[in-house]
Amino acid sequence: DHAVAGVGTRNSGQGVIRLRGVPPGSTLLTAFLIWGEIAAPPAAGYTVNFGPDCAVGANFNSAVYGTTTQPCWNGQGIYAGHIINVTGQIVAGINGDYRIRGLKSAITNNRCPWPDGPGCAGPGNALPLSEGASLVVVYSNPCIPRAAQLYINLGPRQFSGPHSATHFALPV
């Protein structure tokens, strides 16, 4: 089976993912951290820090697994999906709080992105724009039938209008 949790990272480039729901007695099989951003093309991987909350965490080099059109925030950018294998950072018991740091973001002080909104001050939607991160954990549990199957389809998707997506082979 799997469990997923995420955090919005817009205008901060960081956050805490609070993973819950993995039943006791489960065995971790694999874990992936997946995040998206609107960036100037071409999209490229970079180093981020991930680990249990309050821990130093470990540095990981990301891979871009797909790109698509951006969702109307900045027409000069493309949406890029990133992925890293973080299995080694998952705590015993699997459930817990996990911190992601170092996502690319033009704004990192949590302020409003709109230059014309009340109490807001630019740079507006300057690139890059961190969107959010998700932790996907795959586990086994004695209560899950051995014949159970899990399918995960990764790929950035545009939520409206025509689009095209490019998917790359995952190195993880």
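Analyst: Strand β9 (residues 129-140) gives the most to the lining of the largest pocket, 3 residues. Strands here are DSSP runs of E, at least two residues long, and helices are runs of H or I of at least four, numbered from the N terminus. This is a predicted model, where local features need pLDDT of at least 70, side-chain atom pairs count only at pLDDT 80 or more, and totals for chains, interfaces and linings use all residues. Residues are numbered from 1 along each chain as its sequence is written, and side-chain values use heavy atoms, without hydrogens and water.

The lining has 13 residues, and Asp1, Tyr139, Ser140, Ile144 and Pro145 lie nearest the pocket centre. A pocket is an open set of points on a 1 Å grid over the protein atoms alone, where a 1.4 Å probe fits, with protein on both sides within 12 Å along at least five of seven lines; lining residues have an atom within 4 Å of a point. The space inside is about 230 Å³, taken as that filled by probe spheres set on the points, which are joined across faces, edges and corners.

By class, 8 lining residues are nonpolar, 3 polar and 2 charged. Nonpolar covers Ala, Val, Leu, Ile, Met, Phe, Trp, Tyr, Cys and Pro; charged covers Asp, Glu, Lys and Arg; the others, Gly among them, are polar.

Now the chain around the pocket. The chain has 10 strands and 0 helices. Of its 172 residues, 42% are buried, meaning under 20% relative accessible area with a 1.4 Å probe, protein chains only.

Note on methods:
Buried < 20%, exposed > 50% of the residue type's maximum accessible area, 1.4 Å probe, protein only.
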